[in-house]
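Here are some notes for a colleague who has not seen this structure before.

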Amino acid sequence: MKNQPKYLLLSLPIILAMLSMSCSLSSLMGDDGGLEPTPTRTPLPTFTPTSEGVGFIEVAPIPTEDTSQPVEQPTDEAVAVADAGQTEEQTDEQTEEPLDEPTPTATLVVQDTPTPEVPPTEVPPAHPIANVQQNMNVRSGPGTNYLPVGSASAGDSSAIIGRNDDNSWIQVEYPSEDGKGWVYAQLIDIQGDISTLPIGIPSMDPIPPAPPPEPEPEQSAPPPEPKYQFTPAPGWHASENAGIVHFKGRIYDPGGNLVNGYSILIDNWAWKVISHPSGGSHWYPGNRIGEWDIVFPKEQMAQAQGLWYMSVVIYQCDFIAGFDAQCKNYTQLSREHKIEVVSPDESIINADWTCNWDCDKGVYRSWSKDRGYE
């Protein structure tokens, strides 16, 4: 059975009392004057109070209503209609206990102020960085007098951990025995500040410098190797003779021995004269070993004045048939040397020569009446 409103329960005793009184009045009003035996009066029922809580329908608490609005009280007709409208099906239903609605509470909403975005700052590396610009050696210390511990290629990078006093060499992390190496600063690009880095310690001692070479004992310079077979010997000089112009001299080998068989050519661009080969011969038996000469008599002195060019030649005309001072068939064996004849003070010219090789290959080596030319 559904729970009934509280005011219906309170009005139930009143309704029963009214019904009882109505029955009594109706019996009195039905008397038409005849006497009828009065029936025995049925005693009114006696209401025995029910123990507390027994036989009462449990009523759910009424939700709290707003007391500021007037509450409409139900009339007697509304109560009767409500009482008559109860059905058996309604008695089997049980109303669901309404839930208390939470009292709304004012909430203070605090709007967060947007924090301005700060661009991320680049975190500097723990060490400055060395970027290698070209292929190079990595050494055990700050200098080329330290042995290499490896090499680095262009594009390699490594952390800088030290430096030398003038920052010309940089110490970097390198996979050597102690994990360090040195590179030349001018061959790398340095990223960062190295001024606060410590002065690095070399991994090993530098290569000791090579001892200075011991001075060689002084030696006289060797004579220059001659370019010609014949060269002028020391002792060229001129002397006075008022009667003739005389060119003369001797030919020696490197050991100072006199050499036969070679001639001297003099040339002043007007005359060209060849001397008799050095030494005596069938044609000039009075010549001594190694000597040569050319004589201009007094009547030709005027033509013999001035500059001459002198050289050594080998006579290649037919010497056995005779000797010709104007022979055109010869081979020059020395460089030309310039001399000057100034009569009478320098009319005798003495010019000695040195034969440097093949000194026995002249026209002859010796001559004698018994054996002839050799």
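## Notes on the predicted model

1. Ser347 has a relative accessibility of 0% and therefore counts as buried. Keep in mind throughout that the model is predicted. Ser347 sits in the loop that joins β16 to β17 (348-350). When neighbours within four places in sequence are set aside, Ser347 has contacts with Ser239, Glu240, Asn241, Ile244, Val245, His246, Val341 and Val342.

2. The loop between β16 and β17 also holds Pro344. The peptide bond leading from Ser343 into Pro344 is cis, and its omega is near 5°.

3. Which residues have the most contacts inside the largest nonpolar core? They are Phe247, Ile251, Trp292, Phe296, Met310 and Trp353, in a core of 26 residues. At least two residues of this core come from each of β10 (245-252), β11 (263-267), β13 (291-296), α4 (301-304), β14 (306-315), β16 (337-341) and β18 (353-355). The largest share is that of β14, with 4 residues. As general background, nonpolar side chains in soluble globular proteins tend to be buried together.

4. On the surface, Leu147, Val149, Met204 and Ile207 make up a nonpolar patch. Together these four residues have about 300 Å² of accessible area. Ile207 belongs to the loop between β7 (188-191) and β8 (230-232).

5. Asn167 is not a glycine, yet has a positive phi of about 60°. Its place is the loop between β4 (157-163) and β5 (169-173). With a relative accessible area of 30%, Asn167 is partly exposed.

6. Asp358 is likewise a residue other than glycine with a positive phi, here about 50°. Asp358 lies in the loop between β18 and β19 (367-368). The relative accessible area of Asp358 is 39%, so this residue is partly exposed.

Key. Residues numbered from 1 in each chain as written. Predicted model: local features only at pLDDT ≥ 70, side-chain atom pairs only at ≥ 80, totals over all residues. Heavy atoms only, no water. Core = buried A, V, L, I, M, F, W, Y, C linked by side-chain atoms within 4.5 Å. Buried < 20%, exposed > 50% of the residue type's maximum accessible area, 1.4 Å probe, protein only. Patch = residues over 30% accessible without salt bridge, like charges linked within 9 Å, V, L, I, M, F, W, Y side chains within 5 Å. Areas by Shrake-Rupley, 256 points an atom, 1.4 Å probe, with all protein chains shown as cover. Salt bridge = Lys/Arg side-chain N within 4 Å of Asp/Glu carboxyl O. Contact = heavy atoms within 4.5 Å.
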